Amino acid sequence: MKLEKNVTISHLAQICAGTHEYSDPTMPLIKPKIMIEDNVWVCTQAFIGPGVKVAEGSVIGACAVLTKDSEAYKVYAGNPAKLIKDRVINR
């Protein structure tokens, strides 16, 4: 897993970097890399799945389940996580 700068991971969030190859009868552990870029907020109880890239500035809402890469400066919510709006930064 790689965390970049200014990342907030809230209470009870899960970053799950391991899974199993279920098509193999021995179910070996596999560890696809997770990348969390700059200025991301992973909200409380959100789940980030194996091999996912959380793009710069993304917000992954409370209890969201992100199993696919996000887009930069977008807000995601739900299970499965869906893009709900742009993240606008007030300067």
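## Exercises on cysteines, sheet and surface

The structure, a predicted model, holds 0 disulfides.

**Exercise 1.** Determine how far Cys43 is from the nearest cysteine sulfur, and whether Cys43 and Cys63 are buried, partly exposed or exposed.

*Solution.* Begin with the distance: the cysteine sulfur nearest to Cys43 is that of Cys63, 9.6 Å away. A disulfide requires two cysteine sulfur atoms within 2.5 Å, and Cys43 is in no disulfide. Turning to Cys63, the nearest cysteine sulfur is that of Cys43, and Cys63 is likewise in no disulfide. Next, consider accessibility. Cys43 has a relative accessibility of 8% and therefore counts as buried. Cys63 has a relative accessible area of 43%, so this residue is partly exposed.

**Exercise 2.** State the order of the strands in the open sheet and identify which strands stand at the edges.

*Solution.* The open sheet is formed by 5 strands in the order 2-7-10-12-13, with mixed pairing. Strand 2 (8–9) and strand 13 (82–86) each have a single partner strand, so they stand at the edges, and one side of each lacks a neighbour in the sheet. For strand 2, the pairing with strand 7 (residues 41–42) is parallel and runs over 2 bridges. Within this pairing, Thr8 has Trp41 of strand 7 as its bridge partner.

**Exercise 3.** Identify which residues form a nonpolar surface patch with Met1, and locate Met1 in the chain.

*Solution.* Met1 forms the patch with Leu3 and Ile9; together they have about 280 Å² of accessible area. Met1 lies in the segment before strand 1 (2–3). The relative accessibility of Met1 is 53%, so Met1 counts as exposed.

Terms used. Residues numbered from 1 in each chain as written. Predicted model: local features only at pLDDT ≥ 70, side-chain atom pairs only at ≥ 80, totals over all residues. Heavy atoms only, no water. Buried < 20%, exposed > 50% of the residue type's maximum accessible area, 1.4 Å probe, protein only. Pairing = 2+ DSSP bridges. Helix = DSSP H or I, 4+ residues; strand = E, 2+ residues; numbered from the N terminus. Patch = residues over 30% accessible without salt bridge, like charges linked within 9 Å, V, L, I, M, F, W, Y side chains within 5 Å. Areas by Shrake-Rupley, 256 points an atom, 1.4 Å probe, with all protein chains shown as cover. Salt bridge = Lys/Arg side-chain N within 4 Å of Asp/Glu carboxyl O.
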